[in-house]
Amino acid sequence: MSIVQEPVREAVPQGPLKTPFYPRVVKLDTVNQWHEWKGYSSPDALYCADLEYFAIRNSTAVFDLSPMTKYRITGPDALDYLNRLVTRDMAKVKPGRVAYAVWCDDQGQVIDDGTIFHLREGEYRLCCQERHFAWLQAATIGFDVEVVHETDEIAGLAVQGPTSYSVLSTMGVKGLEDLKPFGLMHVDFQGVEMMISRTGFTADLGYELWIDPGKALDLWDALFAAGTDYKIRPIGTHALDLARIEAGYLAPYAEFLPSDETVRTGRSRSPLELGLEWLVDFKKPNFNGRRALAEEKRNGSTWQLVKLDIEGNKIAHSSYIFSNSKAKGGSIGFVTSATWSPVCKQNIALGTVKAPHGKPGDTVWVEIYYQREMHWNREMAKATVVDKPFWFPARRGATPPGPY
Amino acid sequence: MKTYDAIVVGAGHNGLTTAAFLAKAGLDVVCVEKNDYIGGATVSRNLYKDWWYSNCSYVCSLLRPEIYRSLELHKHGLQVTPYGGSLTFMQNGDYYGSYHDHEAAYREVARFSRKDADAFKNYSADTMRQCRLIRDFLLRTPPDPTSFKPRDLMELIRIGGKINEMGEDRIGETVRFWTMSVAEYLDEYFETDVIKTALSASGIIGTALGIHSPGTAYVLLHHYMGDVDGNVGSWGFARGGTGAVANAIAGAFQAEGGELRTEAGVDKFIVKNGKVAGVALDNGDEVHANVVVSAMDVKRTFLTCMDKSDLPEKFHNRVENFKIRGSSGKINIALDGLPTFPALPKDSPLYLADMHFTDSMERMERAYDDWKDGTWSKDPYIDMTMPTTNDPTMAPPGKHFMSCFVQYCPREINGREWTQEDKDGFQKSVFDQISNYSPDFKDLVLHAEVRTPQDIENEIGITEGNIFHGELTMDQLMFNRPVPGYAQYRSPIDGLYMCGSSNHPGGGIMGAPGANAAREILMDLKRPNTVPENFGDD
């Protein structure tokens, strides 16, 4: 056999790629702080993370979420397939609705969380942080279903904040007034179909827009033209992460690790341990991890995710958690995400503690190390376990939403 | 007739703060307010179509985060958003911008002087050292230096310790700082006139002194010691205007079962045998309680609402001599669109900044000369903000609200009351100055509200319209505020307390006087304390 001597393809690109919105985002960038997110360049901040954060809570923030991993799931068995895949009952998620979901391995340990969009009867999109094509493919055995990776085929923008409804209405979107939280609709944008979902990572009023990448720049321009008078601002990841902690939402690699990536035993988490029992439906037919989760429910979980309201103003980054102020008996867990909440003026954190600690209303102690002019200090701060999100304004659920 | 546990007189932010903490302790509290709206000078008013005016106080930084958190003000609608930067337009067509971004800020100063750019870090550290000292005192009651009570002695020792740990050299610096003028202080660091001018303004805002007057360096500190989310010295806007602060505190007060009564101005405190028994309202009604707390300034409290015969002679004289001179006015404007400033690049982040038009120390001091001559500054210092460049709730989309704080502006014009002609002249001096830098500004004006110290006194009730309820000079600070011997929120009348900004630690939307007063009252009533402690810095 003869070896082909001509190059048959170009080399795979090195380094992060540019999203469909990149030309517009980079134009508004003034601080040149970027990181890589699933193979794409994504901004940490574009002008000032503090001010960008307030766009989420005060006006409208725009975040480019095109790098989100996306799969299209279709076929006669799509529903049965999803019901086998995730822990919640997808039969209750009608066309035009979106469901937050987690999926587990056979040990009932979370592989990832994400949102499932029921686009049309029998047609779904799964949107998540991590890449799971191997797992999703393996799970198709026995189902007449097709799973297609479509991350690069859909550009996405999160449009979040109190004036987001006004911005989209001004841009000409019709019928938005009836769209409830976790609803989705298809609209025409300059001759192309755009999907709008009332979803987000901020616990505020907000939407996500999904469109063909070829129309991405036109969408950006139309959005910012409509948004000028509503103080629309682009934001980076730092601002978004702050808002998600206030919302009490989980982030992979912070509150949990994808179970299929952990090396050490006991470093993964079950949905029950992450406060997601409401997402586990034991009444539906078999699903991945059912047996293990049923057993965990009977015998009790090892860990418990907690939301902490911490006294004082020292941020509890990576702190150990104790059951008492003297640290007697060793630590009962640790903080996974922490921040000062600018909107609540509260010192907040998410953490994981050993059961039976961590019930709402419990008092725990957080060991905070903080630096002041080179010197380190230590403080044991009292913290209360709370069950509600730190920030969850009425406008998030208002239908129709108000002007701001 | 019903007897309340406590009456708070005046629903400004301090009165409401005291009321909220007392109610939180389980007291049956009524807060009476003379106007038909609450907030006092902490107010958003709907004075023109769909515009909401922060028509008195207009920015927020000093509000103690401990109070914010403790009263859960976010649940009552408060959101304080930081804003970016500061800007001074120059007569030569240039401008000096102070940017949120550190490196941009450095480069901008270096454009004028590399030496000044590098001096900034020393200036910041030295000023921050003073901030750190004073911040520690904010949510604490000043000790009485003449008292031998263990509590006063302990607090004096504590303060002594704080000062002592600074070291000999820095104690000397501190004493100088407390007494020197802001101009002298800035001269020690900077050479560029416009930079010194921009910084010097914090030394005279709300104060009837000039930048060369001794004591003004401390006033600068008063504007630096606040923070927004831990960024000391940063300023922000309350979403929906300044009234959102008072409304949120009132919400917390009412959630604790407190009662608000508007259009209930106090005519006199009812004093029987040296004890307070309640208040007599303007409408003739009486409200009874054994604890009455005045959020009014010290002059209005003791000279207007009380018979001289009920007060010790010396106390009365001290109150009469309390310095509370009117020195600033305000013009609040509804705009049909965003004014353009040709000197400023179109997409400059400084459109979100506070803007100023005084570019030399000479002009700054001359503005004060006019005040001494008994009239408003013909070339005033204006602190101009447009909160609607960030806040979508205060004006219709595309429209703007502009707040102009104007220094100097006297309580009386050459010893007589203001006339309409005077007010027009005052407005003209401000409008002319702005339109020198923004040719389309005047055409965009839809409505303007002119507020002289006289207007503020008449409407809000603050004597001479002094924004701090009394000047922030050393003779009127700490254990001398408002009057030596009465700096612990108590008065010569049993049961009558003071919680307004005439008390330590002074004015601005801080809430600290209100919180400190509540703590003292609860201590006297032997109730559990509901007032939070200082977060602390170490």
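**Figure 1. Contacts between chain B and chain A.** In this predicted model, 22 residues of chain B are in contact with 24 residues of chain A; two residues are in contact if their C-beta atoms, placed from the backbone, lie within 7 Å. On the side of chain B that touches chain A, the elements giving two or more residues are α2 (65-70) and β6 (80-82) of chain B. Helices (H or I, at least four residues) and strands (E, at least two) are DSSP runs, numbered from the N terminus. The largest share of this side, 3 residues, comes from α2(B). By class, the side of chain B that touches chain A has 7 nonpolar, 9 polar and 6 charged residues. Here Ala, Val, Leu, Ile, Met, Phe, Trp, Tyr, Cys and Pro count as nonpolar, Asp, Glu, Lys and Arg as charged, and the others, Gly among them, as polar.

Residues are numbered from 1 along each chain as its sequence is written, and chains are lettered from A and ligands numbered from 1 in the order in which they are written. Because the model is predicted, local features need pLDDT of at least 70 and side-chain atom pairs count only at pLDDT 80 or more, while totals for chains, interfaces and linings use all residues.

**Figure 2. The two domains of chain B.** Domain 1 (3-42 + 57-80 + 239-322 + 466-524) and domain 2 (82-228 + 324-460) divide chain B; the bounds come from an automatic or database domain assignment. Their C-alpha centres lie 26 Å apart. Contacts link 39 residues of domain 1 of chain B with 31 residues of domain 2 of chain B. Helix α17 (residues 512-524) of chain B gives the largest share of the domain 1 side, 4 residues. That side has 17 nonpolar, 15 polar and 7 charged residues.

**Figure 3. The largest nonpolar core.** A nonpolar core is a set of buried Ala, Val, Leu, Ile, Met, Phe, Trp, Tyr and Cys residues joined through C-beta atoms within 7 Å. A residue is buried if 20 or more other C-beta atoms lie within 10 Å of its own, exposed if 12 or fewer, and partly exposed in between, with C-beta atoms placed from the backbone. The largest core has 161 residues, and those touching the most other members include I7(B), V9(B), L22(B) and V293(B). Helix α10 (residues 243-255) of chain B gives the most to this core, with 8 residues. Domain 1 and domain 2 of chain B each supply at least three residues. Leaving aside neighbours within four places in sequence, V293(B) is in contact with residues including A6(B), T18(B), Y497(B) and I521(B).

**Figure 4. Strand β4 of chain A and its partners.** Strand β4 (residues 69-74) pairs with strand β7 (residues 123-128) of chain A in the antiparallel sense over 5 bridges; strands pair if DSSP finds at least two bridges between them. T69(A) has C128(A) as its bridge partner in β7(A). β4(A) also pairs with strand β8 (residues 146-149) of chain A, in the antiparallel sense over 4 bridges. In β8(A), V148(A) stands opposite R72(A).

Figure 5. Most residues other than glycine have a negative phi, and most peptide bonds are trans. The peptide bond from Q407(B) to Y408(B) is cis, with omega near 15°, and R481(B) and P482(B) are joined by a cis bond with omega about -5°. K38(A), not a glycine, has a positive phi of about 45° and is found in the loop between β1 (33-37) and β2 (40-45) of chain A. K38(A) counts as partly exposed because it has 15 C-beta neighbours inside 10 Å. Y253(A) has a positive phi near 75° and is exposed, with 11 other C-beta atoms within 10 Å.
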